[in-house]
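Have the 3D view open as you read.

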Amino acid sequence: MVKNPKIRNLICLVAMMSCMLSCNHGALVDEFRPVPNQAWNYAFTPEFKVEVKDNTIPYRLKVNVRLTSEYRYANLFVLVHQRSAKHKPSSKRIELQVADKDGRWLGKGIGSLYSYQIAYNTNYHFPDTGTYYFKIEQNMRDSPLKGVSDVGICVLPESVAK
């Protein structure tokens, strides 16, 4: 049993990342970005680049998030901004349910780190091929929002998601 919490969290993080990457072969992108000091400030809006080569197939769009036990809410509101060179930018506000009504975490976790991959758009068809950019912005009242370790996105074909 590893007693040092930093080493235990690192081991858990590596194990969860390996599992998530192995589960999503075929994803266009499946990334996380670390939140500075595990405190998500309004100014921190990580951007993700997605290359779409086939817009005829449906995709599943997901928000990736890792929370520590210091996160004090049962949900997390985010704004997902999408843009491309050919189309008007769009934004979508999403509520991510991270705990049940009794306060139990709904994500996968070991120790004090919980990982989520929550779909916010299914059977989505990109309007065109090309490069798309996604930005994720926290949309809660607290800034900084403590207990958020990493945020990201996953874009994968529906056929892989099932």
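What follows goes from confidence to overall layout and then to the side chains.

First, the ground rules: this is a predicted model, where local features need pLDDT of at least 70, side-chain atom pairs count only at pLDDT 80 or more, and totals for chains, interfaces and linings use all residues. Residues are numbered from 1 along each chain as its sequence is written, and side-chain values use heavy atoms, with hydrogens and water left out.

So how confident is the predictor? On pLDDT, the predictor's confidence in each residue from 0 to 100, the protein chain averages 88, and 85% of the residues score at least 70. Over residues 18-23 the pLDDT stays under 50, and the model has 7 contacts for them beyond four places in sequence; a contact here means heavy atoms within 4.5 Å.

Now zoom out. The protein chain has 2 helices and 11 strands, taken as DSSP runs numbered from the N terminus (helices H or I, at least four residues; strands E, at least two). Along the sequence the pattern reads α-β-β-β-β-β-β-β-β-β-β-β-α. Of contacts between residues at least 6 apart in sequence, 79% join residues at least 24 apart. Of the 162 residues, 39% count as buried, meaning under 20% relative accessible area with a 1.4 Å probe, protein chains only (exposed is over 50%, partly exposed in between).

Next, the rings. Rings of Phe, Tyr and Trp (its six-membered ring) pair if their centres lie within 6.5 Å; planes under 30 degrees apart count as stacked, over 60 as edge-to-face and the rest as tilted. That rule gives 6 aromatic pairs. Tyr124 and Phe126 have ring centres 5.0 Å apart and planes at 85 degrees, so this pair is edge-to-face. Phe126 also pairs with Tyr132, this time tilted, at 4.7 Å centre to centre and 50 degrees between the planes. Phe126 is buried at 2% relative accessibility, and Tyr132 is buried with a relative accessible area of 2%. Tyr124 is buried too. Step back, and Tyr59, Tyr124, Phe126, Tyr132 and Phe134 form one aromatic cluster.

Finally, look for charges over rings (NZ of Lys or CZ of Arg within 6 Å of the ring centre and within 35 degrees of the ring normal). Arg66 lies over the face of Phe32, 3.5 Å from the ring centre, and Arg93 lies over the face of Phe77, at 4.1 Å.
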